[in-house]
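Reader: I've got a model to look at with you. Mind if we go through it in a few quick questions?

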Amino acid sequence: MKFRRKKPQTPDWVIRHVESGDSIPGTVFTIYVAESDASEDVRYFDLQCALSEPTVQDIDLELDSYCIVNDAGGVQFGGLEAVTMGPDGLVLSFQDDAVEGLELSSRVVTLGFDSAIDVDEVRAGLRNVLSYGNPRKVPQMNL
């Protein structure tokens, strides 16, 4: 019996630029992944979280989780069902409302890694951001 090796999924785009750390010192932590370091016409996801616990107002307004901003101008608080990371890339599985809010063409976005990317930096940044806030909005993570 012959076993077929599963064909790797072709990425939607490749991460060639990463920034992580305090984007607003002492206030907001971000992990920014983009297809290049150019400032225009670049696909990206900017995942952010506050560095302090959500306030009562944040909870009331449902702003009590991580935030995702993308190149389409979308902003979504929470919205990921699952995040899976392997040596070759990252798979983001979004909830339906996030697909609409971020104007995505699919619930699943597959991102490849350029060979120059520090995968450990991406992993640590994702863990930090996605575990923030409302536990019901924390996605399943296989990092």
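Author: First, a term: buried means under 20% relative accessible area, exposed over 50%, and partly exposed in between, using a 1.4 Å probe and protein chains only. This is a predicted model, where local features need pLDDT of at least 70, side-chain atom pairs count only at pLDDT 80 or more, and totals for chains, interfaces and linings use all residues. Residues are numbered from 1 along each chain as its sequence is written, and side-chain values use heavy atoms, leaving out hydrogens and water.

Reader: Why does Val75 count as partly exposed?

Author: Val75 sits in strand β6, residues 75-77 (strands are DSSP runs of E, at least two residues; helices are H or I, at least four; both are numbered from the N terminus). It falls in the in-between class because its relative accessibility is 47%.

Reader: What share of the 143 residues in the protein chain is buried?

Author: The cut-off is the one above, under 20% relative accessible area. By that count, the buried share of the chain's 143 residues is 42%.

Reader: How many helices and strands are there in the protein chain?

Author: Along the sequence, the pattern runs β-β-β-β-α-β-β-β-β-α-β-α-β. That gives three helices and ten strands.

Reader: What is the radius of gyration of the protein chain?

Author: It's taken over C-alpha atoms, and the globule rule is 2.2 Å times the number of residues to the power 0.38. For 143 residues the rule gives 15 Å, and the chain comes close to that, so it is as compact as a globular protein of that length, with a radius of gyration of 16 Å.
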